[in-house]
Amino acid sequence: MYDQNNQLKLRPISQVILQYLMDHRDPVDAETIWLDVKAGGAPVSIGSVYGHLKRLTDEGIIIQVPKIDRKALYQYISSNV
């Protein structure tokens, strides 16, 4: 979703997830993101984390890197947010 100025509007939990990925430049799996964000006090489910990761990936803000041990990994790539 975009605002009137064509700027991407992120929900608060997407902002938390994005900030997490910006702070952790190495690829990280969704479960690790969920556990760390949840430990930081954000009320979020693992399913919600996957949904927000998909949206951020679809928007080209993060990428899904090749799977390791059958887990998808995510990494921040964009600086235009």
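A residue counts as buried under 20% relative accessible area and as exposed over 50%, with partly exposed in between (1.4 Å probe, protein chains only). Helices (H or I, at least four residues) and strands (E, at least two) are DSSP runs, numbered from the N terminus. This is a predicted model, in which local features need pLDDT of at least 70, side-chain atom pairs count only at pLDDT 80 or more, and totals for chains, interfaces and linings use all residues. Residues are numbered from 1 along each chain as its sequence is written, and side-chain values use heavy atoms, with hydrogens and water left out.

Helix α3 buries Val49, His52, Leu53 and Leu56. Seen down the axis of α3, these buried residues fall within an arc of 105° and so line one face of the helix; the arc is that of the directions from the helix axis to the C-beta atoms. The face turned away from the buried side carries the exposed residues Lys54 and Asp58. With contact meaning heavy atoms within 4.5 Å, the buried residues of α3 pack against α1 (12–23), α2 (30–39), β2 (62–68) and β3 (71–76). Just after α3, glycine 60 takes a positive phi of about 80°.

The three strands form an open sheet in the order β1-β3-β2, with antiparallel pairing. β1 (28–29) and β2 are at the edges, each with a single partner strand, so one side of each has no neighbour in the sheet. Two strands pair if DSSP finds at least two bridges between them; β1 and β3 do so over two bridges, in the antiparallel sense. Valine 28 stands opposite tyrosine 74 in β3.
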